[in-house]
Amino acid sequence: MEAERGLVRKRNANTHPKRCVRPAQQVSERIGYMYQVKAKVLSNEKLSEAHYRIKLEASQIAKAARAGQFVHIRCGPGYDPLLRRPFSIHKSRQGRIDVLYQVVGKGTGLLSQKRRGDQLDSLGPLGKGFEIEPAFKKIFIVGGGIGVAPLYMVAQEITRVGQGQDVTVLLGAKNKELILGKDEFERLGLEVTIATEDGSTGYRGLVSNLFQEFILSQTSLSVAVYSCGPVSMLRKIAELSRHRGFFCQVSLEQKMGCGLGACLGCVIRGRSGYLRVCKEGPVFDAKEILWDNLGL
Amino acid sequence: MDNLADLSVSLGRIHLKNPVLVASGTFGYGEEYQDLVEAAQLGGIITKAVTLEPREGNPPPRLAETPAGLLNSIGLENPGIEVFLKEKLPKLRKLKTRIIVNIAGEKKTEYLDLAERLGRETGIDALEVNISCPNVQKGGLVFGTRADLAFSLVKGLRQATDLPLIVKLTPNVTDVTEIAQAAKEGGAEALSLINTILGMAIDVNTRRPKIGAITGGLSGPAIRPVAVRMVHQTFQKVDLPLIGMGGIACAEDALEFVLAGATAVAVGTANLVDPTVSLKIIEGLRQYLKKGGIHSFQSLIGTLRV
C-alpha cells in the first residue's frame, strides 16, 4: 500500500525537472572510450584500520572518467585471485586517478601491498556514471563507509556545473575513525553532516536515518539524491526517496568478470530484467532496482 | 610473407589466419571488446550462445572465484535468434575475422531450426554446437553425455545446414572419446573441447552456495590439465581437427594443447582477466616458431613425444 502510494506520488512529481531526458550526444559522451593501461602507483596510503587510498598515474583514464565510473584493476600477477577487481574512481585530475578501497579479501589485500613505482594493469573508465542534472534545486549526497568513494566526483561536478543549489552531504560510518572524505567535501565549500553508529561523533545512528530526518523538513520536490554504501542503507535511501518523489541514483557492487559487458556475470535484478552492474550500472536509477531480491 | 612464420591452420573447411580463437561466452558478440582488441588480428570469434527464444539466464550471483579458477552459472542468457540476426550479426559481419556462432537448445528441433536459419545468412563461417552447457535445467548437456543422442543431433544438423559444424564437448562424462566419435560419425567437421567442469563453492559463514544456481561450471587455469588430457585422448582416437580450450592464459598454455593434438585453441576465462591476452598469445606463438626455426604452425600439431 505504502509502496503504491509512493509510486503514484512519484509519477506526479515526474513532471518537473527534465531529468532523464538528456540529449543523445551527452549520453554517448558519458559512455566513452575505455583504455587498458599500466598505471604507475604514485602512493598507497593507509587511511584507517580498514581503508586505503591509492593514487595512480593513468592519464587517459583520468581524462575520460566521469563521476560514478570505475576502474577494473588486476591486483596481482598470478592466478589466485584470478579476476580483476572493480573500484569506483574517487578523483581524477591532471593525469591521475585516486581510488579509495577497503581491504576485504585477497585482491584488496594484494593491492594494499603495492608501493610507489609499482605498475597496475588497469582498465577504464568503465560503466555508466551518475547523471548530474543541474535543474534540481536541492541535492543530497549520502555515503556509507567506503561508499563515499564515487561521491566526491558527484560533488565536484555539481559545484562545477551547478547554479548555486543547496547541497547537503551526509556521511556515515561505524565510528569516528572510519569517516572518509569529510575534508574533501568541505574544501569544495560543502557542509558535511556525519553519522556514526557508535555516536563517537555527529549524529548517533545510521546515515540512512540521518537522511530520513533531513528530508522531513524538505518541502521542495525538485530533489536529487546520489548515494553509495551498503545495500541495506541504499535500499532505505531508495525507499525514502521514492516515497517523496525524489530523483535517486545509487551505485551498486556485484562480483564481476570482464567489466565490459561481455560475460554477463555481474547482473542484479532490475524491474526490466537482469541488469549488468558493469554496463547498465554501476550507477542505477534507484527505482529500476528490485531491492527485495537483488541477488548479491 | 617476409620472415613471419605461417600461423594459418585449417579446421576442415574453415581456414584460420592464426589458430587463436576467443571462446564462447567470454567475448560477447564481438562488439564489447572493440576499443581494446582489433578483431581482424584474431583467428576467429566464437560468439556467446544463441538460442531460439530469448533467455534471461540464471539468478545471481553468477560468478564465484576459486583458486586459479572461476565458477560461473550464466544460464545461456541471450537475446534469442531474432535479435541476434537483426542486431548482432550485422556487426559481426563487418569484423575481418572468422565468425563461429555458438548455438544451444533444449530440444533437437530447436538446434535444427537455429541451424537452418543461420545457414541462410551470410558472414557465418561455422556453427559451434553447444551440447555441453552445465548450467541449464533441460536439454543441452544431455546431448553431450549420451553418444546416441549426440550422433542423432549432429546428423540432423548436418542435413539442416551446409555450414561447417564444430561440436563442443563436455568434460562431465566418463569417456569423452565416445561422444567425440559419435559426433564425428554424425558429421561434425571439428570438435571443441572442453566446456566447463561442473563444480560448486560454499560460503561457510552464510552456509549458502556461492552461486545462485547452486552449481556452476569451472573454468580458468585450474582446469587446464583436465582439458589437455581430454584433447590428448581424443586426438589418439578420433580423426577430426580439435579446438583445445580450458584455462589457456598464455602462449605456453596454448602450445600444450597443440602438442597434445589441437589444431586451434580458444581463449576463454583469460579474456576476462586481460582483454588483450589473445593477441599476446598469437605473438607468443609466433616467437615460439621463430625461436625453434619452425616454419609452419601446422607441423606442430600432435607432436607430443611420449
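Predicted model: local features only at pLDDT ≥ 70, side-chain atom pairs only at ≥ 80, totals over all residues.

A: Look at its backbone: phi of A:Gln94 is positive, about 40 degrees, although the residue is not a glycine. Now look at its surroundings. A:Gln94 has a relative accessible area of 81%. Exposed means over 50%, so A:Gln94 counts as exposed.

While you are looking at the backbone of chain A, find the peptide bond from A:Gly124 to A:Pro125. This bond is cis, with omega near -5 degrees. A:Pro125 belongs to strand S7 (residues 119-126) of chain A.

Let us step back to chain A as a whole. Its secondary structure comes to 8 helices and 16 strands. Of the 296 residues in chain A, 57% are buried. The accessible surface of the chain is about 12900 Å², and carbon and sulfur atoms account for 49% of that surface. Consider next the contacts in chain A between residues at least 6 apart in sequence: 66% of them join residues at least 24 apart.

Two packed helices are described by the angle between their axes and the distance between the axes. Helix H7 (residues 207-216) of chain A and helix H8 (residues 231-244) of chain A pack at about 15 degrees, and their axes are 9 Å apart. Angles under 35 degrees count as roughly parallel, and H7(A) and H8(A) are therefore roughly parallel to each other. Their crossing is right-handed. On the H7(A) side, the residues that meet H8(A) include A:Phe211, A:Ile215 and A:Leu216. On the H8(A) side, those that meet H7(A) include A:Met233, A:Ile237 and A:Leu240. By class, this contact of H7(A) with H8(A) has 7 nonpolar, 4 polar and 2 charged residues.

Helix H1 (residues 80-93) of chain B packs with helix H2 (residues 108-119) of chain B at an angle of about 15 degrees, with the axes 11 Å apart. H1(B) and H2(B) are therefore roughly parallel to each other, and H1(B) passes H2(B) in a right-handed crossing. Here B:Ile81, B:Glu82, B:Phe84 and B:Leu85 in H1(B) meet B:Leu114, B:Arg117 and B:Leu118 in H2(B). These residues divide into 5 nonpolar, no polar and 2 charged.

Another helix of chain B shows what being covered looks like. Helix H7 (residues 251-260) of chain B is mostly covered, with 7 of its 10 residues buried. Among these buried residues are B:Leu255, B:Phe257 and B:Val258. The cover over the buried residues of H7(B) includes helix H6 (224-237), strand S15 (242-245), strand S16 (264-267) and helix H9 (277-292) of chain B. After H7(B) comes B:Gly261, which has a positive phi near 130 degrees.

Finally, two loops of chain B are worth a visit. One, between strand S10 (190-193) and strand S11 (197-200) of chain B, holds B:Ile194. The peptide bond from B:Leu193 to B:Ile194 is cis, with omega near 20 degrees. The other loop, between strand S8 (126-130) and helix H3 (141-145) of chain B, holds B:Pro134. B:Pro134 has a relative accessible area of 12% and is buried. Leaving aside its neighbours within four places in sequence, B:Pro134 is in contact with residues including B:Leu141, B:Asn195, B:Thr196 and B:Leu198. The C-alpha atoms of B:Pro134 and B:Val226 are separated by 16 Å, and these two residues are 92 residues apart along the chain.

Technical notes: Residues numbered from 1 in each chain as written. Chains lettered and ligands numbered in written order. Heavy atoms only, no water. Axes fitted to C-alpha atoms, helices over the stretch in contact; angles between N-to-C directions. Helix = DSSP H or I, 4+ residues; strand = E, 2+ residues; numbered from the N terminus. Parallel < 35°, antiparallel > 145°, perpendicular 65-115°, else oblique. Left-handed = near helix turned anticlockwise from the far one by under 90°. Contact = heavy atoms within 4.5 Å. Nonpolar A, V, L, I, M, F, W, Y, C, P; charged D, E, K, R; others polar. Buried < 20%, exposed > 50% of the residue type's maximum accessible area, 1.4 Å probe, protein only. Areas by Shrake-Rupley, 256 points an atom, 1.4 Å probe, with all protein chains shown as cover.
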